[in-house]
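Hello,

Here is the structure I said I would pass on. Please look it over first; my notes on what was found follow below.

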2 protein chains.
Amino acid sequence: MKTIRAVTAMSAWSRTMRRDGVRIGFVPTMGALHDGHRALIRAARLACDAVVVSIFVNPLQFGPKEDLARYPRTFAEDFRLCEQEGTDTVFVPRAPALYPPAFETTVSVQRLTRRFEGCARPGHFEGVTTVVTKLLNIVHPDQAFFGQKDYQQAAVVTRMVADLNLETKIVIRPTVRESDGLALSSRNRFLSPDERAAATVLYRALSAGRDLIRAGEHSAKTVEAAMTRLIRAEPLARIEYLSVAHPTTLEDVQRVQGRDVLLLTVWIGQTRLLDNMVVNAR
Amino acid sequence: MKTIRAVTAMSAWSRTMRRDGVRIGFVPTMGALHDGHRALIRAARLACDAVVVSIFVNPLQFGPKEDLARYPRTFAEDFRLCEQEGTDTVFVPRAPALYPPAFETTVSVQRLTRRFEGCARPGHFEGVTTVVTKLLNIVHPDQAFFGQKDYQQAAVVTRMVADLNLETKIVIRPTVRESDGLALSSRNRFLSPDERAAATVLYRALSAGRDLIRAGEHSAKTVEAAMTRLIRAEPLARIEYLSVAHPTTLEDVQRVQGRDVLLLTVWIGQTRLLDNMVVNAR
């Protein structure tokens, strides 16, 4: 496995590969890799000839009140996981190489970023779309793999790639969960044992919402109310947002449409957890 | 010469060419081609193996008070000029193909766009950088050619391409002028004979500024004052802005730096004319 730090070396590697007809699969990450990332790398491995994983804790997507320094950094373990999964190249750019002093260009998706994470974290998605544009231009993959866990991020990146006519195909892979339903996240490590037990409430709420819709409930308000009640019964949990939304535009729905996404963000103690579930009414 | 209208067909053409090692030169235009564009196509022809000219009057870069409908459209002559200069492919996308209803992504260069044309035409450069990003992603040229006549635009595009790690090399070519110094522009056709005579004042002012600097003048204010006086002596001319600026950052300079750009926009009657000159002090 090759480690590349320089942007020019990464571009050159990609150019050589593409000239030889090699299809590149790309998994952009901020490190702190877990089995969710592992599933993305495996999907890339299956679909493409060569796999690039980037590890870059992107300062641009952290707000001024968010702790960039606290973000977990586990490089040695990350490299091991990449190696195990047959990654060809780990790309570890340095921040000043991606954002030199004269840097001043941003890529923004307008409507899709106005709600949910976009409200909660102003500037966050602009940071995401800007760095993803840069990484896609450097790595030039045929396919790039994102987890469904960050549903809005996946929707925003998909929109951005279509709007800017980028050649990469965006592939969204299902959320990987613990056996009790908790979605894997680098933030789970911050949970105390009590909080870890309480954190299953996200998946339980999503499942309850899904079951209601499948049982024929058509009112989004009723579904949201049932999910809210379930989460409120958990003393360690505090809802930040919870919504039945359109799966592409992420706009609120009044009546369940037949294909909808349940989106929520819940604080468990001091840890902010996201989860979602796409529900096809039967 | 091939004419391509569909975005997918343009991408496919480019992909095939690149696979064969063909270096693509690209001249993005809004049509109304003149000898300035001709010089860009010739430069592309000399530097690359295949030349693509795009003709697209980009609605995104026109403000609400600017008349998109009034922009000259001379497709038949444009095609003839492209053909004469050995263009391989003319790309003529339709607006709804580049901007479908769900389109909502913008590319913005922040600081460089705050002055001059960016002040005068809010949203203009965002329209330019967004469409240029899209066109570069569709055409995927090795080199793209821009005229120095739109100096700030060339600076903004160069910055954007560096910041987003686009693979295309941006080549800036000198302004093409009439024998009396008037810079070629699609807007010159709007000038009456009297206005056409008056319009030489832009080049005369730039030349006067250059001569002062070369004669040893160090104060930007003195240079600007001399240029302003010269233009004010022309009754049909009205200055919108006029500045001695840094050639890369476009910030005002107090003292002439040794390499500076003289930038100005002057109304001649109802027609808004831009011009500039880079001055290397001797």
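**Helix α1 of chain A**

The buried residues of α1(A) are A:Met10, A:Trp13, A:Ser14 and A:Met17. Seen down the axis of α1(A), these buried residues fall within an arc of 95°, so they line one face of the helix. The arc is taken over the directions from the helix axis to the C-beta atoms. A residue is called buried if 20 or more other C-beta atoms lie within 10 Å of its own, exposed if 12 or fewer, and partly exposed in between, with C-beta atoms placed from the backbone. The face of α1(A) turned away from the buried side carries the exposed residues A:Thr8, A:Ala12, A:Arg15, A:Thr16 and A:Arg19. An α-helix has 3.6 residues a turn, so residues three or four places apart point the same way.

Before going further, please note that this is a predicted model: local features need pLDDT of at least 70, side-chain atom pairs count only at pLDDT 80 or more, and totals for chains, interfaces and linings use all residues. Residues are numbered from 1 along each chain as its sequence is written, while chains are lettered from A and ligands numbered from 1 in the order in which they are written.

Helix α1 of chain A runs over residues 7-19, and its 13 residues reach 18 Å from first C-alpha to last, close to the 18 Å expected at 1.5 Å a residue. The expected span is 1.5 Å times one less than the number of residues. Helices (H or I, at least four residues) and strands (E, at least two) are DSSP runs, numbered from the N terminus. The cover over the buried residues of α1(A) includes β1 (2-4), β2 (24-29), β3 (50-55), β4 (89-91) and α6 of chain A. After α1(A) comes A:Gly21, whose phi is positive, near 80°.

**Helix α2 of chain A**

In α2(A), residues 35-47, the buried residues are A:Gly36, A:His37, A:Leu40, A:Ile41 and A:Ala44. They fall within an arc of 140° seen down the axis of α2(A), so they line one face of the helix. Elements covering them include β2, β3, α3 (75-84), β6 (143-147) and β7 (169-173) of chain A.

**Where the chains meet**

In the interface, 22 residues of chain A are in contact with 22 residues of chain B; contact means that the C-beta atoms, placed from the backbone, lie within 7 Å. On the side of chain A that touches chain B, β5 (105-109), α6 (124-139) and α7 (151-163) each supply at least two residues. The largest share, five residues, comes from β5(A). That side of chain A divides into nine nonpolar, seven polar and six charged residues. Here Ala, Val, Leu, Ile, Met, Phe, Trp, Tyr, Cys and Pro count as nonpolar, Asp, Glu, Lys and Arg as charged, and the others, Gly among them, as polar.

Five bridges join β5(A) to β5 of chain B (residues 105-109), and the two strands run antiparallel. Strands pair if DSSP finds at least two bridges between them. A:Ser108 stands opposite B:Thr106 in β5(B).

**Symmetry and A:Val107**

A rotation of 180° with 0.0 Å of shift along its axis superposes chain A on chain B, with an RMSD of 0.0 Å. That is the relation of a two-fold axis. The C-alpha of chain A nearest the axis is that of A:Val107, 2.3 Å from it. Superposition is by least squares on the C-alpha atoms of residues with pLDDT of at least 70 in both copies.

A:Val107 lies in β5 of chain A and counts as buried, with 27 C-beta neighbours inside 10 Å. Leaving out residues up to four places away in sequence, A:Val107 touches A:Thr129, A:Thr130, A:Thr133, A:Met160, B:Thr105 and B:Val107.

Regards

Technical notes
Two residues are in contact if their C-beta atoms, placed from the backbone, lie within 7 Å.
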